[in-house]
Amino acid sequence: MITLRKSEDRGHANHGWLDSRHTFSFAGYYDPAHLGVSALRVINEDRVAPGGGFAPHDHQDMEIISYVLAGALEHKDSMGNSSVIRPGEVQRMSAGTGVTHSEYNASREEPVHFLQIWIRPDRTGLEPGYEQRRFPDHERRGRLRLVASADGTEGSVLIHQQARIYAGLVDGAEVITHSLDAGLSAYLHVARGEATLNGTALKAGDGATLREERQLVLNGGRGGELLLFELP
């Protein structure tokens, strides 16, 4: 069964420096019908104006993944990490027992467009951790590239949950097929462009929850950039 979540139905908050779309309930947006899927708790599509950003703030017991679509995101945290995240890179921060961090647009001229993703860990009280890796376009072109997993396989970043995140690019005649193990749920998010999932057309910002689906076929891409979450 495929349940659609249309882009225009998401929560929305505009703070001037930040324009944010919430796939699931977040901050001042609450919808009891959209609280997440399994361990996937947050997908926020954020656009941060030049020079703007999130001042230092605290997190605890959450796996936080940042996926930049355009621009550059500057990160600093209380673990001593300082980095800039660009398109094609995935950053994972395990908040664990507690982390303070900030995220700012690294440019004074161009906006930054990124996805902020939260996944509940499989246990609390973990030691905080940080990881950042690059996944070039050619590794995601016409396929789903594993970018996050519980064991770090295939060079993916490690998350403390029995979930797997894949990133893919689909355009023109490209066709991506993917099998889901029995008993798993999944969520597909279209980050940019367009694509067709099992015959259903999706556009940027759309998502789909998949339950009891064993085979995915993604085609009809027009500059499509996709994230697939396999969930326990």
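Me: Strands are DSSP runs (E) of at least two residues, numbered from the N terminus. On that basis, where does L35 lie?
Reply: In this predicted model, L35 lies in the loop between β3 and β4. The C-alpha atoms of L35 and F24 are separated by 5.3 Å, although the two residues are eleven apart along the chain.

Me: Why is L35 called partly exposed?
Reply: The relative accessible area of L35 is 39%. Buried requires under 20% and exposed over 50%, with partly exposed in between. The value of 39% falls between these cut-offs, and L35 is therefore partly exposed.

Me: What makes W118 buried?
Reply: W118 has a relative accessible area of 15%.

Me: Which parts does the pair of F26 and W118 tie together?
Reply: F26 belongs to the loop between β3 and β4, whereas W118 belongs to strand β11; the pair therefore links parts that are 92 residues apart in sequence.

Me: What makes β5 and β8 the edge strands?
Reply: The open sheet has four strands in the order β5-β10-β7-β8, with antiparallel pairing. β5 and β8 (82-85) each pair on one side only, and this makes them the edges. From one strand to the next, the twist averages 20°.

Me: How do you know that β7 pairs with β8?
Reply: Pairing needs at least two bridges, and four bridges join β7 (residues 73-77) to β8.

Me: Which residues lie nearest the centre of the largest pocket?
Reply: They are F26, N44, D46, F54 and Q116, out of 23 lining residues. The volume of this pocket is about 280 Å³. Strands that each supply at least two lining residues include β3 (18-22), β4 (40-48) and β11 (112-119).

Me: What classes of residues does the lining of the largest pocket have?
Reply: The lining has ten nonpolar, eleven polar and two charged residues. Phe counts as nonpolar and Asp as charged; therefore F26 and F54 fall in the nonpolar class and D46 in the charged class.

Methods:
Residues numbered from 1 in each chain as written. Predicted model: local features only at pLDDT ≥ 70, side-chain atom pairs only at ≥ 80, totals over all residues. Heavy atoms only, no water. 1 Å grid on protein atoms, 1.4 Å probe; cavity = no way out; pocket = protein on both sides within 12 Å on 5 of 7 lines; lining within 4 Å. Points joined across faces, edges and corners; volume = space filled by probe spheres on them. Axes fitted to C-alpha atoms, helices over the stretch in contact; angles between N-to-C directions. Buried < 20%, exposed > 50% of the residue type's maximum accessible area, 1.4 Å probe, protein only.
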